[in-house]
Amino acid sequence: MGSVTEVAWTVVDAPIGPLLVAGTQQGLVLVGFRAVPAYLERTLPALGRRLGAPVVEDAARLEPVTTQLAAYFAGTLRTFDVPLDWSLATGFARKVLRELASGVPYGSVVGYQDLADRVGERDAARAVGAAMGANPLPVIVPCHRVIESDGGIGGFGGGLEIKRQLLALEGVLPAPLF
């Protein structure tokens with residue numbers, strides 16, 4: 001992986017609220033929920049420091065991602081094919097998130113323990129939960145598809161209401177009545 005020269009970002013208006021999307025020349029590096037001004041004021045400088053690069057607003061550079069997100073929320077896209085920059089995920093979390101991205105398709109779910117088993121870490125169900133909570137690429141890397149072994153919805157960094165909305169969009173849960 002080469003060094004990051006610049007981080008482009010924009011905000012996408014989505015049915016689940018405004019999303020921050022940020023990318024490097026390697027690919028999409030961050031998706032953030034509730035991208036209101038206070039969140040952007042905290043997150044963008046921290047992102048620049050973490051990646052060691054200037055952060056610039058540039059919707060045009062992120063157009064492939066924003067187009068795919070719009071299609072996903074419209075129900076016409078089931079698989080994202082944008083390049084990903086895994087710089088913000090390391091070690092075990094990166095291993096689990098890569099398995100999630102490639103092995104848990106649209107409209108399906110997986111348990112925390114099942115995901116731990118898939119990456120060869122039998123006793124790591126809690127660590128899988130922590131990796132999901134630290135996912136820098138939610139929606140694209142579908143941590144909303146990870147549920148408890150007993151069928152419970154589990155946790156979600158974006159909040160359970162957003163998790164329910166995403167699972168309903170994918171047909172896993174019934175759509176909310178209101």
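**Exercise 1.** Determine how many aromatic pairs the model holds, and describe the pair of Tyr 72 and Tyr 106.

*Solution.* The count comes to four aromatic pairs, where rings of Phe, Tyr and Trp (its six-membered ring) pair if their centres lie within 6.5 Å, planes under 30 degrees apart being stacked, over 60 edge-to-face and the rest tilted. The ring centres of Tyr 72 and Tyr 106 are 6.1 Å apart and their planes stand at 85 degrees, so this pair is edge-to-face. Tyr 72 belongs to helix 2 (residues 63–73), while Tyr 106 sits in the loop between helix 3 (91–103) and strand 5 (110–111), so the pair ties together parts 34 residues apart in sequence. Helices (H or I, at least four residues) and strands (E, at least two) are DSSP runs, numbered from the N terminus.

The model is predicted, and local features need pLDDT of at least 70, side-chain atom pairs pLDDT 80 or more, whereas totals for chains, interfaces and linings use all residues. Residues are numbered from 1 along each chain as its sequence is written, and side-chain values use heavy atoms, without hydrogens and water.

**Exercise 2.** Decide whether Tyr 72 and Tyr 106 are buried or exposed, and find their aromatic cluster.

*Solution.* Tyr 72 has a relative accessible area of 0% and is buried (under 20%; exposed is over 50%, partly exposed in between, with a 1.4 Å probe and protein chains only). Tyr 106, with 13%, is also buried.

**Exercise 3.** List the buried residues of helix 6 and their packing partners.

*Solution.* In helix 6 (residues 160–169), Ile 162, Lys 163, Leu 166, Leu 167 and Ala 168 are buried. These residues pack against helix 2, helix 4 (112–118) and strand 6 (146–147), contact meaning heavy atoms within 4.5 Å. Just after helix 6, Gly 171 takes a positive phi of about 80 degrees.
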